[in-house]
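Let's take a walk through this protein together. Have the sequence and the 3D view ready, and look things up as we go.

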Amino acid sequence: MTDEAYVDGYTALKIFTKGFTYTYDDIIFHPGHIDFAAHDVSLDTKLTKGITLSVPVVSSPMDTVTGGKMAAAMALQGGMGFIHYNNTVEEQAAAVREAKRHVPFCGSAFEPLVVGKDATLADVEQACEGLGLPAGQYPTVLVTESGDLGSALVGVVTTSDVDLLGAGAESRKVADVMSPASALVTSARAAGEDAARAALESSKKGRVPLVGESGECLGVVERKLLKDQLFRYPAALGKPTVNAKGELCVGCAVGTRENDKVRLAALVAEGLDAVILDSSQGDSVYQVEMIKWIKQNYPDLQVIAGNVVTSRQAERLIGVGADALRVGMGSGSICTTQEVCAVGRGQATAVFHVSRLGAKHGVPVIADGGIQNSGHITKALALGASTVMCGSMFAGTEEAPGHYHIAEDGTRVKLYRGMGSLDAMKKGSSTRYLGESQKIQIAQGVSGTVRDKGSVRNLIPFFAQAVKQGFQDFGAKNVKEAHAMLEDGRMRMETRSGA
């Protein structure tokens, strides 16, 4: 037992009650005793009172970060994505539907191309051009009765069905050239991922459509995608985040205006699992009333309130039924709220204080903003957060909304902007800053570009493994133990200089 006179460092309570506000970079943790391997660390955690994640990372509801594709990818990795609402109700609902209908199997195509049996090859060619495919190159084209997933499978069209057709083939119907359903090897969705993979392997086919109990087409597992996901990307360290129906868990952000109630109804109809009430300053009568309304009308929907940075703010939202709290104000990499409005708090300080109150009431905290590397994720969790929310970390990935373009220096880039930027406000995001009726819009964020980062399938396993090693270094086997160490003073730390 170490003599108390020689115990190094300080407790979090001592660090964070001295009148200074700290960011993640201001804090460094002391190592603890290692008596377990990094792979023994569990990152299972609560996102909300009712949703558990196996990887404590979620993507931000920004219009250059999370759409349907990102939401599906995050859930497949064990996290979760929150689809932005800088769009129409129909567009946001469609993004939820896309993510929800994605079958969480390795090799399952996201948004497979589906046409009706009366479609022509010209229709297919046009759809392929929209996907950026060269003329004559087809992906797996699923043919169904209605032209939508969920309708009866009629057949499949691939490049080999059309590559030797002569001139004038554009006018032919897909029903004339497709491989009919009776000749296809299919796999029942209910039989699971292993059965689909076995069918693909034994048939030696390039694809196996997934069908429901009544023969309805639910998706397709493709050999090329399966090989990419098995050999191109590292194995996921978490298991897919699914609900009781076996669907991927999907979240969305909405505002607190009357028309957001109509928006929310459309999202719930698509199977929404959690909603963020999106505001840069969440301690408002608007948010309090919206939480009450949601709890009365959709009692099973998980409600994430915020943003807040103080315990006093958080207490009001907890009191009306918030299932989780989103913490952060002006801490994001392209957010300028603290500079423009002179309001906010250092993110490390905010996470510590709000998390202490949240733990008292059993309400998880999402540390939102300021995450620039895996060490910041570790720090946020060690300071009391249950999950972290990332924007810039996932901007520029394959799954992020938008198209790549080539910058002047020859690099591939995508747009990334803060939701408080004037560009985003022009599309409607000013509601989250309670300023849509103002004649003069005050920017609280900036716009820019970020380099191509590849897929989140590469990023998230790396972040998760790095966090596991951080937990091993300070001696916690799981998030719950890290929080216990923080509270009883075993977690020691110091502030450090910028150098």
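Predicted model: local features only at pLDDT ≥ 70, side-chain atom pairs only at ≥ 80, totals over all residues.

Start with the open sheet of 3 strands, which come in the order S10-S11-S12 with mixed pairing. Its edge strands are S10 (187-188) and S12 (217-222), each of them pairing on one side only. Now zoom in on S10 and S11 (residues 207-211): these two pair in the parallel sense over 2 bridges. You can find Ala188 standing opposite Val211 in S11. Lying across S10, S11 and S12 is helix H7 (residues 193-203), which runs at about 145 degrees to S11.

Next, hop over to helix H11, residues 311-319. Which residues of H11 are buried? They are Gln313, Ala314, Leu317 and Ile318. If you look down the axis of H11, these buried residues fall within an arc of 130 degrees, so they line one face of the helix. What do they pack against? Their partners are helix H10 (285-297), strand S15 (302-308), strand S16 (324-327) and helix H13 (347-361). After H11 comes Gly321, with a positive phi near 110 degrees.

Last stop: Thr66, in the loop between strand S4 (57-59) and helix H2 (68-76). Is Thr66 buried or exposed? Thr66 has a relative accessible area of 0%, so it counts as buried. Its side chain reaches the backbone oxygen of Ser60 at 2.7 Å. Leaving out residues up to four places away in sequence, Thr66 touches several others, including Ala71, Phe82, His84 and Pro401.

Notes: Residues numbered from 1 in each chain as written. Heavy atoms only, no water. Helix = DSSP H or I, 4+ residues; strand = E, 2+ residues; numbered from the N terminus. Buried < 20%, exposed > 50% of the residue type's maximum accessible area, 1.4 Å probe, protein only. Polar contact = N/O pair within 3.5 Å; in protein donor to acceptor, adjacent residues only side chain to side chain. Contact = heavy atoms within 4.5 Å. Arc of directions from axis to C-beta. Pairing = 2+ DSSP bridges. Axes fitted to C-alpha atoms, helices over the stretch in contact; angles between N-to-C directions.
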